[in-house]
Amino acid sequence: MKKLILLFILAIGFNLSAQETETQDYSKNVATLDSTIETLYSVISGDKGVERNWELFKHLFHPDAKLIPTGKNREGQTIARYMAPDDYIKTSGKWLFENGFHEVELNRTTDTFGNITQVFSTYESFRSKSDTSPFMRGINSIQLLNDGKRWWIVNIYWMQESEASPIPEKYLQKN
């Protein structure tokens with residue numbers, strides 16, 4: 001019986017140790033504002049059939065973060081939908097994998113006060129890297145927190161461009 005208990009304890013310890021070594025160190029991805037924004041765009045981008053690194057995606061976000069797309073619903077009403085990072089993965093992950101999606105930052109305006117930063121990031125979206133014209137454009141309003149150790153995305157609130165709401169020229173100038 002003692003051998004069985006010892007074997008059980010060793011097996012649990014080995015399993016926990018193996019899980020710890022599999023965890024990636026993503027600290028460089030959130031060390032600066034630029035690295036955090038660049039990682040955000042790169043982690044959701046990929047060709048059709050390419051799995052995204054959802055562990056890295058979730059690492060970017062504060063535990064209480066929200067992703068908030070806004071636009072018009074079928075009835076023509078302007079709405080906002082609130083999602084946690086896991087909700088975004090559940091609702092968009094399969095589509096990204098099956099269709100291919102590359103989001104490219106065109107321009108960025110940044111305002112910082114103390115430990116909070118607001119970024120207006122204009123983007124273009126492509127289905128593959130070889131596409132020459134985007135199928136969609138818009139603006140990501142990204143709120144971030146710097147806790148003195150790293151950057152956290154607190155919210156991403158975004159809207160796609162439409163005929164009724166074209167992106168203003170000042171947000172289209174290339175970086």
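Predicted model: local features only at pLDDT ≥ 70, side-chain atom pairs only at ≥ 80, totals over all residues.
**Entry 1: overall layout**

I started with the fold. The protein has 4 helices and 6 strands. Along the sequence I read the order as α-α-α-β-β-α-β-β-β-β. I then looked up burial. The chain has 175 residues, and 36% of them count as buried.

**Entry 2: the largest pocket**

Next I turned to open space. Rolling a probe the size of a water molecule over the atoms shows where empty space is left. The largest pocket holds about 620 Å³. I looked up its lining and found 28 residues. Those nearest the centre are Pro69, Tyr88, Ser92, Trp158 and Gln160. Which elements give two or more residues to this lining? I noted two helices by name, H2 (33-44) and H4 (85-99). The strands are S1 (61-72), S2 (78-80), S5 (136-146) and S6 (151-160). I also sorted the lining by class. It has 18 nonpolar residues, 7 polar and 3 charged.

**Entry 3: the second largest pocket**

I gave the second largest pocket its own entry. Its volume is about 220 Å³. It is lined by 16 residues. Phe120, Gly138, Ile139, Trp158 and Met159 lie closest to its centre. Trp158 is also listed among the residues nearest the centre of the largest pocket.

**Entry 4: aromatic pairs around Trp54**

I then went through the rings. A pair of aromatic rings is described by the distance of the centres and the angle of the planes. The count is 8 aromatic pairs. I took Trp54 and Phe57 as one of them. Their ring centres are 5.2 Å apart and their planes stand at 90 degrees. Over 60 degrees counts as edge-to-face, so this pair is edge-to-face. Both residues sit in helix H3 (residues 54-59). They are 3 residues apart, about one turn of the helix.

Trp54 has another partner, Tyr88. That pair is edge-to-face too, at 6.4 Å centre to centre and 70 degrees between the planes. Here the pair links distant parts of the chain. Trp54 is in helix H3 and Tyr88 in helix H4, 34 residues apart. Tyr88 is buried, as is Trp54. I looked up the wider group last. Trp54, Phe57, Phe61, Tyr88 and Trp158 form one aromatic cluster.

**Entry 5: arginines over rings**

I checked for charges over rings and noted two cases. The charged end of Arg127 sits over the ring of Phe135, 4.1 Å from its centre. Arg150 lies over the face of Trp152, at 3.4 Å from the ring centre.

**Entry 6: strand pairing**

I followed the strands next. Strand S4 (residues 116-126) runs antiparallel to S5, and 10 bridges join them. Ser125 stands opposite Met136 in S5. S5 also pairs with S6, again antiparallel, over 9 bridges. There, Ile139 stands opposite Met159 in S6. Both of these residues are among those closest to the centre of the second largest pocket. The hairpin of S5 and S6 has 4 residues between the strands. In this hairpin Gly148 takes a positive phi near 90 degrees.

**Entry 7: two single residues**

Where is Lys28? I found Lys28 in the loop between helix H1 (2-22) and H2. Its relative accessibility is 65%, and exposed means over 50%, so Lys28 counts as exposed. I also looked up Lys28 against Arg150. They are 122 residues apart in sequence, yet 9.0 Å apart in space, C-alpha to C-alpha.

Gln143 was the other one I looked up. Gln143 lies in strand S5. Its relative accessible area is 23%, which lies between the 20% and 50% limits, so Gln143 is partly exposed. The C-alpha atoms of Gln143 and Thr110 are separated by 9.9 Å. Along the chain these two are 33 residues apart.

Definitions and conventions
Residues numbered from 1 in each chain as written. Heavy atoms only, no water. 1 Å grid on protein atoms, 1.4 Å probe; cavity = no way out; pocket = protein on both sides within 12 Å on 5 of 7 lines; lining within 4 Å. Points joined across faces, edges and corners; volume = space filled by probe spheres on them. Nonpolar A, V, L, I, M, F, W, Y, C, P; charged D, E, K, R; others polar. Phe/Tyr/Trp six-rings, centres within 6.5 Å; stacked < 30°, edge-to-face > 60°. Buried < 20%, exposed > 50% of the residue type's maximum accessible area, 1.4 Å probe, protein only. Lys NZ or Arg CZ within 6 Å of the ring centre and 35° of its normal. Pairing = 2+ DSSP bridges.
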